[in-house]
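Biologist: I'd like to learn how to read a model like this one. Could you walk me through it, feature by feature?

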Amino acid sequence: MKMLLIFVDADHAPDVAALLETSGVMGWSEIPQVLGKGSTGRKMGTRAFPGSSTLFFAAVPVEEAVRLTAEVRRLMEQRGPEEGIRVYALDTVEVL
């Protein structure tokens with residue numbers, strides 16, 4: 001299993017949510033209003049550093065992680081790299 005962490009600019013969160021819905025992912029979670037600093041700069045929800053990110057995460061089989069990552073890559077290519085879409089995959093084991 002892989003735990004996919006998908007970070008996206010909050011303005012484009014609906015695009016990622018739609019992708020997850022249509023791609024057949026059985027379950028996923030969303031954390032809106034993620035604040036911090038990354039390659040696209042600071043997003044602190046303030047006038048000095050406006051905006052925020054959204055974090056989606058899902059535990060999926062390895063094959064599904066590969067397919068979903070490719071779909072997110074296509075979305076990023078459509079939107080452009082400046083939109084700050086990032087995907088990280090962590091090995092995971094269900095313990096309960």
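**Reading the model**

Modeller: Arg67 and Glu64 both sit in helix H2, three residues apart, about one turn of the helix. This is a predicted model, so local features need pLDDT of at least 70 and side-chain atom pairs count only at pLDDT 80 or more, while totals for chains, interfaces and linings use all residues. Residues are numbered from 1 along each chain as its sequence is written, and side-chain values use heavy atoms, with hydrogens and water left out.

Biologist: Why do residues three or four places apart in an α-helix point the same way?

Modeller: An α-helix has 3.6 residues a turn, so residues at that spacing point the same way. Helices here are DSSP runs of H or I with at least four residues, strands are runs of E with at least two, and both are numbered from the N terminus.

Biologist: And which kind of contact do the side chains of Arg67 and Glu64 make?

Modeller: They meet in a salt bridge, 3.7 Å from N to O. The term means a side-chain nitrogen of Lys or Arg within 4 Å of a carboxyl oxygen of Asp or Glu. Glu64 and Arg67 also belong to a salt-bridge network with Glu71.

Biologist: How many salt bridges does the structure hold?

Modeller: Four. One of them joins Lys2 to Asp91, with the closest N and O atoms 2.4 Å apart. This pair links distant parts of the chain, since Lys2 is in strand S1 and Asp91 is in strand S6 (residues 86–91), 89 residues apart. Lys2 is partly exposed at 21%, and Asp91 is exposed at 64%.

Biologist: Which residue does Asp9 pair with in a salt bridge?

Modeller: Asp9 pairs with Lys43, and their closest N and O atoms are 2.7 Å apart.

Biologist: How should I read the pairing of strands?

Modeller: Two strands pair if DSSP finds at least two bridges between them. S1 runs antiparallel to S5, and eight bridges join them; Asp9 stands opposite Ser53 there. S1 also pairs with S6 in the antiparallel sense, over six bridges, and Ile6 has Val87 as its bridge partner in S6.

Biologist: Which residues of helix H1 are buried?

Modeller: In H1 (residues 13–22) they are Ala13, Val16, Ala17, Leu19 and Leu20. Viewed down the axis, they fall within an arc of 160 degrees, so they line one face of the helix. That arc is taken from the directions from the helix axis to the C-beta atoms. Pro14, Glu21 and Thr22, on the other side, are exposed.

Biologist: What do the buried residues of H1 pack against?

Modeller: Contact means heavy atoms within 4.5 Å. By that test, the buried residues of H1 pack against strand S1 (2–9), strand S5 (53–60) and helix H2 (62–79). Just after H1, Gly24 takes a positive phi of about 85 degrees.

Biologist: That gives me a clear way in, thank you!

Definitions and conventions:
Buried < 20%, exposed > 50% of the residue type's maximum accessible area, 1.4 Å probe, protein only.
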